[in-house]
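Visitor: I am new to this one. Please show me the structure, and then let me ask about it.

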Amino acid sequence: MLEKTTRINYLFDFYQKLLTDKQKNYMDLYYSEDYSLGEISETYDVSRQAIYDNIKRTEVALEDYESKLGLYEKFERRNVIIKQMKEALQNNEMKRTEELLKQLENID
């Protein structure tokens, strides 16, 4: 569950500008502020089921944006390469560092 929450939070960070205000508000409260469905439904005076349905549809939309744009995947790949570059630099492996730099440049 924590892995899913982390992924959704990242996707939300990357793609929130593509969401409606209602979607942004519900997702922020549910995932960032840790509100329950009941608390969100009381805040917005709508049913828990409506909140649940909206959040699930928004999760699907975020995954759809990611499948098309791949911003989170590229972010993760960059982080892996940067970590490897730091290790290569610490070990004074300049050839390896150059290879990793080329990989980093070619992500986009």
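**A tour in questions**

Guide: Gly-70 is buried, with a relative accessible area of 11%. Buried means under 20% relative accessible area, exposed over 50%, and partly exposed in between, with a 1.4 Å probe and protein chains only. This is a predicted model in which local features need pLDDT of at least 70, side-chain atom pairs count only at pLDDT 80 or more, and totals for chains, interfaces and linings use all residues. Residues are numbered from 1 along each chain as its sequence is written, and side-chain values use heavy atoms, with hydrogens and water left out.

Visitor: Leaving aside neighbours within four places in sequence, which residues is Gly-70 in contact with?

Guide: Gly-70 is found in the loop between H4 and H5. Helices here are DSSP runs (H or I, at least four residues; strands are E, at least two), numbered from the N terminus. Contact means heavy atoms within 4.5 Å. Beyond the neighbours within four places, Gly-70 is in contact with Tyr-15 and Tyr-65.

Visitor: How many Å apart in space are Gly-70 and Phe-14, C-alpha to C-alpha?

Guide: In sequence, Gly-70 and Phe-14 are 56 residues apart. In space, C-alpha to C-alpha, the two are apart by 9.8 Å.

Visitor: Which residues touch the most other members of the largest nonpolar core?

Guide: A nonpolar core is a set of buried Ala, Val, Leu, Ile, Met, Phe, Trp, Tyr and Cys residues joined through side-chain atoms within 4.5 Å. The largest has 15 residues. The members that touch the most others are Ile-8, Leu-11, Met-27, Ile-40, Ile-51, Ile-55 and Leu-62.

Visitor: What does helix H5 pack against with its buried residues?

Guide: Helix H5 spans residues 71-90, 20 residues in total. It reaches 29 Å from first C-alpha to last, close to the 28 Å expected at 1.5 Å a residue; the expected span is 1.5 Å times one less than the number of residues. The buried residues of H5 are Tyr-72, Ile-81, Met-85 and Ala-88. They pack against H1, helix H4 (48-69) and helix H6 (94-105).

Visitor: What is the phi of Asn-92 near?

Guide: Asn-92 lies in the loop between H5 and H6. It counts as exposed because its relative accessible area is 61%. Most residues other than glycine have a negative phi. Asn-92 has a positive phi, near 60 degrees.

Visitor: And Asp-34: buried or exposed?

Guide: Asp-34 is found in the loop between H2 and H3. Its phi is positive too, near 60 degrees. With a relative accessible area of 65%, Asp-34 is exposed.

Visitor: Which residues are linked with Lys-56 in a network of salt bridges?

Guide: A salt bridge is a side-chain nitrogen of Lys or Arg within 4 Å of a carboxyl oxygen of Asp or Glu. The structure holds seven. Lys-56 forms one with Glu-59, the closest N and O atoms being 3.2 Å apart. The residues linked with Lys-56 in the network are Lys-4 and Glu-59.

Visitor: Of Lys-56 and Glu-59, which is buried?

Guide: Both lie in helix H4, three residues apart, about one turn of the helix. Lys-56 counts as partly exposed, because its relative accessibility is 30%. At 7%, the buried residue is Glu-59.
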